Amino acid sequence: MSTQLDKKKLQAPQVTTRKLLEMKERHEKISVLTSYDYTLARILDNAGIDVILVGDSASNVFSGNETTLPITVEEMIYHTRAVVKGVQDAKGRAMIVVDMPFMSYQLSSEDALRNAGRIMKETGAHAVKVEGGKGSIKAVKRITDVGIPVMGHLGLTPQSIYKFGSYKVRAKSDREAQELIEDAKLLEEAGAFAIVFEKIPKGLAEEVTQSVTIPTIGIGAGNGCDGQVLVVHDMLGFNTDFHPRFVRKYANLDSIICTAVKNYIHDVRQGVFPNDTESY
Ligand code: KIV
């Protein structure tokens with residue numbers, strides 16, 4: 001049965017890999033935010049976000065782990081299903097990209113393909129994201145060869161945090177910068193449709209953005225990238241203890257929610273909630 005909503009969905013142009021490429025060519029900036037649940041995904045899509053990343057940052061933000069390493073394929077599938085439903089119940093416009101978790105694509109390109117296939121088949125998402133350059137190229141190629149779009153991720157790659165030893169800015173040395181330039185080229189050649197640059201110098205991000213034909217999405221990489229991504233909980237101010245330079249806080253939900261909850265507790269304790277109009 002065709003409903004008003006179905007018609008609206010059909011009219012709304014879906015953001016696709018092709019559209020992102022066209023946006024780069026037209027110098028239109030691409031907006032990306034994370035989401036791990038139905039409610040926020042619905043709000044983000046209704047607000048007009050281009051891409052929703054179901055990031056493995058869910059491991060930190062949603063589950064309270066110190067790193068992204070513990071999150072599993074099953075957990076990413078669980079989060080992504082909720083996000084897909086949220087977008088479907090909104091404008092149905094945003095492209096949904098899912099992080100492939102640590103050790104779901106590193107063992108072999110066959111294993112990478114199997115896990116990427118599972119994520120696509122079991123969630124309804126549109127693409128996957130993998131971290132790393134040279135070492136991930138076989139997996140990226142194998143996954144893109146069957147038609148699954150892959151987003152790359154270079155610079156600070158949180159799945160390698162124990163190798164780096166810190167969350168400091170990456171690619172500051174000439175050697176590391178050169179490596180990143182080469183990795184970006186390799187990802188492009190392997191068929192990646194976009195690359196996230198996390199915490200690298202602004203000048204380097206700008207240089208690589210101009211040297212590749214695919215869109216680059218920055219987080220802590222300056223405004224020379226083709227788009228920007230932030231963890232939605234950071235930009236909404238859910239965490240008062242996290243103040244990295246690259247996060248702009250667009251709201252202060254920690255204090256808004258805290259005040260609302262305190263007011264609720266007060267009203268319950270005073271016996272003034274619910275009142276007669278809030279009762280049956
Ligand atoms: O997991 C995530 O949220 C990410 C972004 C920080 C790019 O990978």
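**View 1. Residues around the ligand.** Thr34, Leu53, Gly55, Asp56, Ser57, Asp99, Lys129, His153, Glu198, Ile219 and Val231 surround the ligand. Each has a heavy atom within 4 Å of it. This is a predicted model: local features need pLDDT of at least 70, side-chain atom pairs count only at pLDDT 80 or more, and totals for chains, interfaces and linings use all residues. Residues are numbered from 1 along each chain as its sequence is written, and side-chain values use heavy atoms, without hydrogens or water.

**View 2. Polar side chains at the ligand.** Which distance separates an oxygen atom of the ligand from an N or O atom in the side chain of Ser57? That distance is 2.5 Å. Asp56 places a polar side-chain atom 3.0 Å from a ligand oxygen. For Asp99, the distance to an oxygen atom of the ligand is 3.0 Å. Taken alone, the ligand exposes 260 Å², and the protein buries 95% of that. Accessible areas come from the Shrake-Rupley method with a 1.4 Å probe; for residues, only the protein chains shown count as cover.

**View 3. Two domains.** The chain splits into domain 1 (8-249) and domain 2 (252-280). These bounds come from an automatic or database domain assignment. The domain centres, taken over C-alpha atoms, lie 38 Å apart. Domain 1 gives 4 residues to the contact, and domain 2 gives 4 residues. Contact means heavy atoms within 4.5 Å.

**View 4. The interface of domain 1 and domain 2.** About 360 Å² is buried between the domains, and carbon and sulfur atoms give 60% of this area. Buried area is the accessible area (1.4 Å probe) that two parts lose on being put together, summed over both.

Terms used:
A polar contact is a pair of N or O atoms within 3.5 Å; within protein, one must be able to donate a hydrogen and the other to accept it, and residues adjacent in sequence count only if both atoms are side-chain atoms.
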